[in-house]
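Trainee: I have a model open and some labels I want to question. Can we go through them one by one?

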Amino acid sequence: MAARLIIFLHLIIGAYCHVSTLERRNDRYVKLPVVHSTNKKVFADFGDKRAITTVPLANRSDVAYYAQLDIGTPAQQVYVQLDTGSFELWVNPDCSDLQGSADIRFCKAVGHYEPSSSSSATQVAGTKTLRYGIGSAQVQYVTDDIGLSGTNSTLKGVQFGVAIDTVDEFAGILGIGHGLNVTIRYKNFIDELADQGVTGTKAFSLALGSKDEQEGVVIFGGLDTGKFTGTLQTLPIIPAEESPDKVPRYWINMTSLSLTPPSGQTKQYENTTMAVFLDSGATLTLLPTKLANSIAADFGADATDSNGFYPVDCSLNDLQGLLNFAFDGITIKVPYNELVRELQTGFGTQCFLGISPSDDFLLLGDTMLRSAYAVFDQTNNAIHLAQYVNCGTNEMEITPQTNMTAIKGDCPAPAPKNAVSTATTSGIPTASGTGAAKTTITGSSATSAAGGSTVADSSSSQGRFEWWIGVIMAMFWAALVM
């Protein structure tokens, strides 16, 4: 009897191990959750409306996406802003420099790395000042091991910056632009992933998720066909010497821009063929002043406010309409509710258009990228784009031989949002080129998901199913033995 029991237990353990092997990946890619700073499941101590001050919209801690890194030995948990517009990793912002009390609390919540507490840390000679569109960080370089949260992957001896002093920075930054011998003289995060064999290529995919989802995923060395619809379209990255600022960034050519209001009559904006770059570190989308003014007028805004933003009516969140960003072979359709940026204050919600005028720098920030699924491919100097829709999870590795144009998303096209009556007491929120600018102050602001529905993670469901199949098989064979 004891022998039979041992055989039975052996079969159970064998079945479990078999299924665990099925779930374990041998592919060379790794994924990290990307969370918005308003996600209370992660940043629970941040969202106190009464503590939020009138800090300019582009300089607030509640307008960015973050990934978790486990740095050092033993691991120290730190959240960093995911930024496709820069090239280096640094941590430890100076929280005392910030204005808003909520921003200070958030800054402290992202975590702090102490090199002296890590047995694998080594200081590197030299300091550097990293400058951004807003803010700067003076850093001392170190090398240390970095674990990727939620995975068993650890990068050894990665060089990054530890801030000595910062200005207007409320979190460290993970720059995932070009690295060694392109923008800097050492291997950056993307370089290390490939060189240490974690990924098979210098490519990563990014799905920020909708405003309502408040989270997405970045997959280094892979992609997820459960996060887009249609076929990926390949767009060449503009060489640095041909780009507007002569800097190696993710510059691509936009062919046109149009607006489809609730009436369904699409309006084409003039002179909208231009080079733009994709910047996950930017909350807003920056467009030429004349074009931005035209779009803002169609959303009911006469002019920018004193901070350079377009106030709009919050009820635009409830209207069916699209701003269409067209590229060669693909048009990314951005719903109104993804374009309207809510600013929580002690008096309620103020709303602004997620587009800002700029004649110096043109970029597509989070207000556009939330509606796109983008693969940033340094190996092939290309961006592969599709319309974002979340219909589950189906991951695959990107290899140097992968034919990206043959990859099709699993999701159906996003269903149009239910139309809401455009009639209001003021007649303003039509987003059709009429009406004056207005800011609605409300206690709350209703939003709806952009494109598609979120379903349960198919990989985890499949894993549980396979585990039970394994257990049943083990019990069957055990019964025969006994």
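Mentor: Start with F299 and Y336. Both are buried. Keep in mind that this is a predicted model.

Trainee: What makes F299 and Y336 a tilted pair?

Mentor: Their ring centres lie 4.9 Å apart, and pairing asks for centres within 6.5 Å. Their planes meet at 55°. Stacked needs under 30 degrees and edge-to-face over 60, so the rest is tilted. F299 sits in the loop between helix 4 (289-298) and strand 18 (322-327), and Y336 in helix 5 (residues 336-339), so the pair ties together parts 37 residues apart in sequence.

Trainee: How many aromatic pairs does a search of the whole structure find?

Mentor: The search finds 14 aromatic pairs.

Trainee: Why is the pair of F189 and F220 called edge-to-face?

Mentor: The centres of F189 and F220 are 5.5 Å apart and the planes are at 65°, so the pair is edge-to-face. The cut-off is over 60 degrees. F189 belongs to helix 3 (residues 189-195) and F220 to strand 10 (residues 215-220), so parts 31 residues apart in sequence are tied together. F189 and F220 are both buried.

Trainee: Which residues of helix 2 (residues 101-109) are buried?

Mentor: A102, D103, F106 and C107 are. Buried means under 20% relative accessible area.

Trainee: How do you know that they are on the same side of helix 2?

Mentor: They cover an arc of only 140° around the axis, which puts them on the same side of helix 2. The buried residues of helix 2 pack against strand 2 (65-71).

Notes. Residues numbered from 1 in each chain as written. Predicted model: local features only at pLDDT ≥ 70, side-chain atom pairs only at ≥ 80, totals over all residues. Heavy atoms only, no water. Buried < 20%, exposed > 50% of the residue type's maximum accessible area, 1.4 Å probe, protein only. Helix = DSSP H or I, 4+ residues; strand = E, 2+ residues; numbered from the N terminus. Arc of directions from axis to C-beta. Contact = heavy atoms within 4.5 Å. Phe/Tyr/Trp six-rings, centres within 6.5 Å; stacked < 30°, edge-to-face > 60°.
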